[in-house]
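Morning, everyone. I have one chain to show you today, and I will go from the overall picture to a single side chain.

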Amino acid sequence: MYIKEAHPVDLWQTASNERDNVLLHSPRTDADRFENASQCVRKLGVRIPALIDGIDDRTKQLYTGWPERLYVLAPGGRIVYKSEAGPYGFSPKAMELALHRVLQRNMTAANSN
């Protein structure tokens, strides 16, 4: 989920953004945010589908998405894993275990039908 730009050129630019040529302004509209997200996907080589939070930042607020957060959702949208704030609070092993549990439950449910 692409949320509010953390390091826009008009507020707080970082050396890594300059190095990666990800130089974005703070968006003022949903269209601006969509354009920023599109640039990030292209310039950073993101290979997973990207969803975009609206300019109202509703998703960021509901999921405490800043600075970065990882979630695993079960079918139906129930949150079964929420990481600590990233990137330093990420635990790939804990997330992997949560994904395995969800997949195992789904396979068990599918086999029992």
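What percentage of the 113 residues of the chain count as buried? The figure is 26%. Keep in mind that this is a predicted model.

Now the fold. The chain has four helices and two strands. Read from the N terminus, the order is α-α-α-β-β-α.

Next, dimensions. The C-alpha trace spans about 55 × 25 × 25 Å along its principal axes. The radius of gyration is 17 Å, whereas a compact globule of 113 residues would come in near 13 Å.

On to contacts. Take those with a separation of 6 or more: 31% of them join residues 24 or more positions apart.

Then the surface. As for charge, the chain carries 15 positive and 13 negative charges. Their mean positions lie 8 Å apart.

Let's zoom in on one residue. Lys 43 sits in helix H2, which covers residues 30-44.

What does Lys 43 touch, beyond its neighbours within four places in sequence? Asp 20, Asn 21 and Val 22. With Asn 21 there is a polar pairing: a polar side-chain atom of Lys 43 lies 2.9 Å from the backbone oxygen of Asn 21. Arg 19 is 24 residues away from Lys 43 along the chain, and their C-alpha atoms are 11 Å apart.

That's the tour. Over to you.

Definitions and conventions:
Residues numbered from 1 in each chain as written. Predicted model: local features only at pLDDT ≥ 70, side-chain atom pairs only at ≥ 80, totals over all residues. Heavy atoms only, no water. Rg over C-alpha atoms; globule rule 2.2 N^0.38 Å. Buried < 20%, exposed > 50% of the residue type's maximum accessible area, 1.4 Å probe, protein only. Contact = heavy atoms within 4.5 Å. Lys, Arg positive; Asp, Glu negative; His and termini not counted. Charge placed at Lys NZ, Arg CZ, Asp CG, Glu CD. Polar contact = N/O pair within 3.5 Å; in protein donor to acceptor, adjacent residues only side chain to side chain.
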